[in-house]
Amino acid sequence: MQNLLALYKEWSGTSPLKVETLAKAGSNRQYVRMTHTDGHTVIGVIGPSVPENHCFVYLARHFAQKGLPVPHILAVSRDEQYYIQEDLGSTSLYQALAPSRANGYQYDADAYELLQRTIRQLAHIQVEGAQELDFNQCLTPRQFDKTAAMFDLNYFKYCFLKTTDLPFDETALENDFLRFASDLTESDSTCTRTFLYRDFQARNVMLTPSSDGVCNRPHFIDFQGGMQGPLQYDIASFLWQASARYPQTLRDSLIHEYLDELRSLLGHLDETRFEENLHRFVLFRILQVLGAYGLRGYFERKKYFLDSIPPAIQNLRRQLLDGTCTPYPHLYDTLQRLTELPQFNAPAPCHGQASRSQYDGMGHLVVRVFSFSYKKGIPEDTSGNGGGYVFDCRSTHNPGRYEPYKQLTGLDAPVIKFLEDDGEILPFLDHITYLADAHVKRYIERGFTNLMFSFGCTGGQHRSVYSAQHLAEHINRKFGIEVRLCHREQGISQVLPARKAEEQAG
């Protein structure tokens, strides 16, 4: 931090009036908002990867010279570990679309206008941004080729597909992967010198105020993973983002907007071929995303990514119905069977007051999980068994100490990201999960009907809520038994219904 502050003083001539450390996102870069004495703010970045910093700074300066909407780079340290950039505010496109998602994924005219502006501007980044661009300044791989495609397809196979224990013919699948990769990278005259953003999503689009003060001007960030590559990849990433659930009619309309803008930049466009390749990239992107969710969720135990798997599987189901995989028979068969696995077809959890299960009194284990505040006492065991496990979360870093999180709970995405990025909560839960698995297995074997786990912290709001939710979902997913979850201090009760087990206990 001291080196970043020294860079700021060297650039501005004075120390910042105020320094605010921002919550980390998906990367390991640290962002700091620094306020000048005149009230003007900038963003300081501490990036542990010098090649990544170098690539971002180069691309940002190149795009800015082209008049494209990216943050201006204001200062860079000599060792390229620190840099200062323009502050684009705190409102992302993803945040701006939150009301639409909350309203049953109904995107109104205002939401459509934001999406329209964004996707039209994407065409300029891809085409104009590639002009005179030195791709040798990019990270490797610098071009989306057959090797890069195979890397992502195998990412899906090893980080997601193999975790399900679904049987498949490895050789037949590899042959389909090779054909798929060849089709994705076949020569296309419109894509020989275009910029592939690679991580083009609503969270990487910041909305800055226009002259009337309305946040509606899209600016782009986090493009350091970009390379030379096909246009369709970014369209698939953006419009088929699992959490957005854009209706197909909306996607079709936005594709039309994009192609209209692209036509004005290229002059000529083979739309039929473009859309054929787009269908391939939609499937490819879904598989790549599932690979990422498998790594972050199954291996790193990050709840946000586990929660993102069901909508991604639903996206895959829709693509299979479209016949996208027809040229790749074993891949099609494998994916079809993948979407039919029980763990991806469980009913959605019911919110509201818990109801009695059909299994009560029939010898089936029901697990009850609580979050609570120690200030208000440990939850009572109403089963008559005298209690169960109680875990104290107060040894882990408390997000409730920081203003941005004080009104949130362990169910909210910013708190989840804080806890998981901080890292202390994950090994804590690893030990508890190991113990809980052994206990649940033994209770099932012995025919017991009740088991109770409770998680306490200071206010029963952040760490305990996150931990209780995490363990309840894990037990339900692994053993297929009913779990009754109660976040006592929030008055939230939820039943995770019994179903066919994802894996047999024992």
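## Exposure and the basis of the model

A residue is called buried when its relative accessible area is under 20%, exposed when that area is over 50%, and partly exposed in between, with a 1.4 Å probe and protein chains only. By this definition E403 is exposed, with a relative accessible area of 56%, while K406, at 36% relative accessibility, counts as partly exposed.

The structure is a predicted model, in which local features need pLDDT of at least 70 and side-chain atom pairs count only at pLDDT 80 or more, whereas totals for chains, interfaces and linings use all residues. Residues are numbered from 1 along each chain as its sequence is written, and side-chain values use heavy atoms, with hydrogens and water left out.

## Salt bridges

Side chains of opposite charge can pair when their charged atoms come close. A search of the whole structure finds 25 salt bridges, each being a side-chain nitrogen of Lys or Arg within 4 Å of a carboxyl oxygen of Asp or Glu. One of them joins R78 to E10 at 3.6 Å, N to O. This pair links distant parts of the chain, with R78 in the loop between β4 (73-76) and β5 (82-86) and E10 in helix α1 (residues 2-12), 68 residues apart; helices (H or I, at least four residues) and strands (E, at least two) are DSSP runs, numbered from the N terminus. R78 is exposed at 76% relative accessibility, and E10 is exposed at 54%.

In another bridge, the closest N and O atoms of R198 and D152 are 3.4 Å apart. Here R198 is partly exposed, with a relative accessible area of 21%, but D152 is buried at 2%. K406 and E403 also form a salt bridge, their closest N and O atoms being 3.6 Å apart. Through shared partners, salt bridges join R120, E257, D260, E261, R263 and E271 into one network.

## Aromatic rings

The whole structure holds 33 aromatic pairs, where rings of Phe, Tyr and Trp (its six-membered ring) pair if their centres lie within 6.5 Å, and planes under 30 degrees apart count as stacked, over 60 as edge-to-face and the rest as tilted. The pair of F144 and F281 is tilted, because the ring centres are 5.8 Å apart and the planes stand at 50 degrees. F144 lies in the loop between α5 (109-127) and α6 (146-159) and F281 in helix α10 (residues 271-299), 137 residues apart. F144 is buried with a relative accessible area of 5%, and F281 is buried at 2%.

A single aromatic cluster includes F56, F63, Y83 and Y107 among its members.

## A buried arginine

R101 is found in helix α4 (residues 98-102), and its charged end sits over the ring of Y94, 3.7 Å from the ring centre; this requires NZ of Lys or CZ of Arg within 6 Å of the ring centre and within 35 degrees of the ring normal. R101 is buried yet has no salt bridge, and the nearest side chain of opposite charge, D412, is 11 Å away, where Lys and Arg count as positive and Asp and Glu as negative, with His and the chain ends not counted.

## Cysteines

Zero disulfides are found in the whole structure, a disulfide being a pair of cysteine sulfur atoms within 2.5 Å. The sulfur of C55 is 4.6 Å from the closest cysteine sulfur, in C138, which is too far for a bond, and C55 is buried with a relative accessible area of 0%.
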